Amino acid sequence: MKITVNPGMAHLRQFVRRLPELFPVSGEVLHDGRNQIRAFDIEGERVVVKRYKRPNAINTFIYSFFRKSKARRAYEHALRLRELGIDTPEPVAWSEYRRNGLITETYFVSRRSDYTSLTAATERFPTSDSLPVLEAFARFTVRLHEKGICHEDFNQTNILWQYDEATECCRFQLIDINRMKFHARPLRPDECMINLRRLNCPAVAFLYILDRYAEARRWDMDDTLLRGTFFRLLFGRRQQFKKRFRERKLAAAGKKQG
C-alpha cells in the first residue's frame, strides 16, 4: 500500500486508507464508465474520489515497476498546475494498493468543485450568455499554451468554469489531468492546434474559439482557422476509424464464439 496525503488534509488519511472497502459501497456515483468517480462528504470536507480501471497485464507490470500510476500523476500534476497559476480542484491524496507486488487498485482524491462543465456553454452557443464564456476560455487556453502546458485530454467535459462576480471575469479549472505535458517553452503553433482539436464541441463553437484564440495571440485569423479545422477533421477521421475497427473486432469475436 502506498498513500500520499496533502499535508493540509492530514485528517482524511484514515478515509484514504480505507478506500478499497468504502468506495464500492458508499458515496454518490458521479460517473460510472471505464473509471468510476464518487463524491463523499467526510469530516466536513466535500471530496471526489476517482478509482482507475485496473490496467491489462502488460500495463499492470509497467505501472507497478517502471511508470507512475495515473492516480499519482493526477495528484502531482494538480500540484504543478496550481504552482503555475492554473486552477484545478485542490488535490487531497493518491493511493495504490497491491497484491503480490502488482498494482490492483489506484485512487485519486480531490476537493469537489462547484464549477460548471464548459459543455453547457458550447451547447448553447451562440446565445448572448455563452459568447463571453467562450471568449474568456480562448484567452485561458492561450495562457496554458504560453506556459507550455498541454492537457492531453483537452475536451469540454474536462474544462470547468464559473463566473466570478467580484472580478466580473470567468474562472476556469482543469480536471482529468493524469495525461499532461509540461514544456519549458511555449507550445509551437501546430502543437497548439493539435491540442485544440480535442475540443469535442459543435463546429460553430469551435470556430468561434479559434477566432478568439487567434485574436488573443495576434495570429493570422484565416491561417489559424484553416489549420485548426484541418487538425480537427483529421482527428475526427482517426477516431471514426478506431471506432469502426473496434466494432469489427467485437463482431468477429462474437461470430467466433457463436
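User: What covers the buried residues of H3?

Analyst: The cover includes H4, strand E5 (91-99) and E6; here, contact means heavy atoms within 4.5 Å. Labels like these are DSSP runs numbered from the N terminus: helices (H or I) have at least four residues, strands (E) at least two. Keep in mind that this is a predicted model: local features need pLDDT of at least 70, side-chain atom pairs count only at pLDDT 80 or more, and totals for chains, interfaces and linings use all residues. Residues are numbered from 1 along each chain as its sequence is written, and side-chain values use heavy atoms, with hydrogens and water left out.

User: Okay, which residues of helix H3 are buried?

Analyst: First the general idea: an α-helix has 3.6 residues a turn, so residues three or four places apart point the same way. In helix H3 (residues 57-65), the buried ones are Thr60, Tyr63 and Ser64 (buried is under 20% relative accessible area, exposed is over 50%, partly exposed is in between, with a 1.4 Å probe and protein chains only). They sit on the same side of H3 because they cover an arc of only 100° around the axis, the arc being that of the directions from the helix axis to the C-beta atoms.

User: You named E5 as part of the cover. How many of the residues of E5 are buried?

Analyst: Seven of its nine, so E5 is mostly covered. Now look at its partners; two strands pair if DSSP finds at least two bridges between them. E5 runs antiparallel to strand E1 (residues 2-5), joined by four bridges, and Thr4 has Trp94 as its bridge partner in E5. E5 and E6 also pair in the antiparallel sense, over eight bridges. There, the bridge partner of Tyr97 in E6 is Glu105.

User: What happens between the strands in the hairpin of E5 and E6?

Analyst: That hairpin has two residues between its strands, and Asn100 takes a positive phi near 55° there. Asn100 is not a glycine; you'll find Asn100 in the loop between E5 and E6. With 78% relative accessibility, Asn100 counts as exposed. Glu43 is another residue to check: phi is near 50°, positive in a residue other than glycine. Glu43 belongs to the loop between strand E3 (36-42) and E4, and at 52% relative accessibility Glu43 counts as exposed.

User: What is the order of the strands in the open sheet of three?

Analyst: The order is E7-E9-E10, with antiparallel pairing. E7 and strand E10 (169-174) are the edge strands, each pairing on one side only. E7 and strand E9 (residues 159-164) are joined by two bridges; in one example, Thr116 has Trp161 of E9 as its bridge partner.

User: Which residues does a cis peptide bond join?

Analyst: Phe125 and Pro126, with omega at about 10°. Pro126 is in the loop between helix H5 (119-124) and helix H6 (131-146).

User: Is Cys201 buried or exposed?

Analyst: Buried, at 5% relative accessibility. Cys201 is in the loop between helix H7 (189-196) and H8. Leaving out residues up to four places away in sequence, Cys201 touches Thr122, Gln156, Phe206, Ile209 and Arg232. Also, Cys201 and Asn155 are 46 residues apart in sequence, yet 8.0 Å apart in space, C-alpha to C-alpha.

User: Last one: what is the volume of the largest pocket?

Analyst: About 1,200 Å³. Rolling a probe the size of a water molecule over the atoms shows where empty space is left. A pocket is an open set of points on a 1 Å grid over the protein atoms alone, where a 1.4 Å probe fits, with protein on both sides within 12 Å along at least five of seven lines. Its lining has 37 residues, of which Ile37, Lys50, Asp153, Asn158 and Asp176 lie nearest the centre of the pocket (lining residues have an atom within 4 Å of a point). H9 gives the largest share of the lining, four residues.

Methods: Points joined across faces, edges and corners; volume = space filled by probe spheres on them.
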